[in-house]
Amino acid sequence: MAFNAYTKNHLTPNRNSPVNVVYDAVYYNYGNAYNPQSGYFTAPSDGLYVFTWSSLVDSKKIFDAEILVNGKRQGVGNCNNEGNPGYENCANTVPLVLTTGDKVNIRTTNANLLHMRWSSFKGWKVQ
């Protein structure tokens, strides 16, 4: 099981209103556990998984996000580019022990822009 998804369009959320990030384009989705319409990964079996997400942020913008399992925070990522004149690329990696049916997604905590095509969400089963 492995997937690699990215955003087709810029995401411009209201800065203080958390939203689920939908990575709506898929490079591959081996095992079909990632849903590009909802942005959720559903664990097909018990095991250790690794997830990573990368965020490209324009100058003077911010994209802080968290990774959730069944709605509960399991990690955070900060990509604050408000003081810089150029682009910023940030990445986060989190290993998670999941049980069959657990749902994993990325949600904003404080964000106003996520750049298209260069921002992605990936995951794979380790064991």
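Let me begin with a definition: rings of Phe, Tyr and Trp (its six-membered ring) pair if their centres lie within 6.5 Å, with planes under 30 degrees apart counted as stacked, over 60 as edge-to-face and the rest as tilted. This is a predicted model, in which local features need pLDDT of at least 70 and side-chain atom pairs count only at pLDDT 80 or more, while totals for chains, interfaces and linings use all residues. Residues are numbered from 1 along each chain as its sequence is written, and side-chain values use heavy atoms, with hydrogens and water left out.

Across the whole structure, 11 aromatic pairs are found. Phe41 and Phe51 are edge-to-face, because their ring centres are 5.2 Å apart and their planes stand at 70 degrees. Phe41 belongs to strand S4 (residues 40–42) and Phe51 to strand S5 (residues 47–57), so this pair ties together parts 10 residues apart in sequence. Strands here are DSSP runs of E, at least two residues long, numbered from the N terminus.

Phe51 also forms a stacked pair with Tyr49, at 6.3 Å centre to centre and 20 degrees between the planes. Phe41 is buried, at 0% relative accessible area; buried means under 20%, with a 1.4 Å probe and protein chains only. Tyr49 is likewise buried at 0%. Ring pairs join Phe41, Tyr49 and Phe51 with Phe3, Tyr23, Tyr34 and Phe121 in a cluster.

I turn now to the cysteines. The structure holds one disulfide, defined as a pair of cysteine sulfur atoms within 2.5 Å. Cys79 and Cys90 form it, with sulfur atoms 2.2 Å apart, and both residues are buried.

Methods:
Buried means under 20% relative accessible area, exposed over 50%, partly exposed in between (1.4 Å probe, protein chains only). Helices (H or I, at least four residues) and strands (E, at least two) are DSSP runs, numbered from the N terminus.
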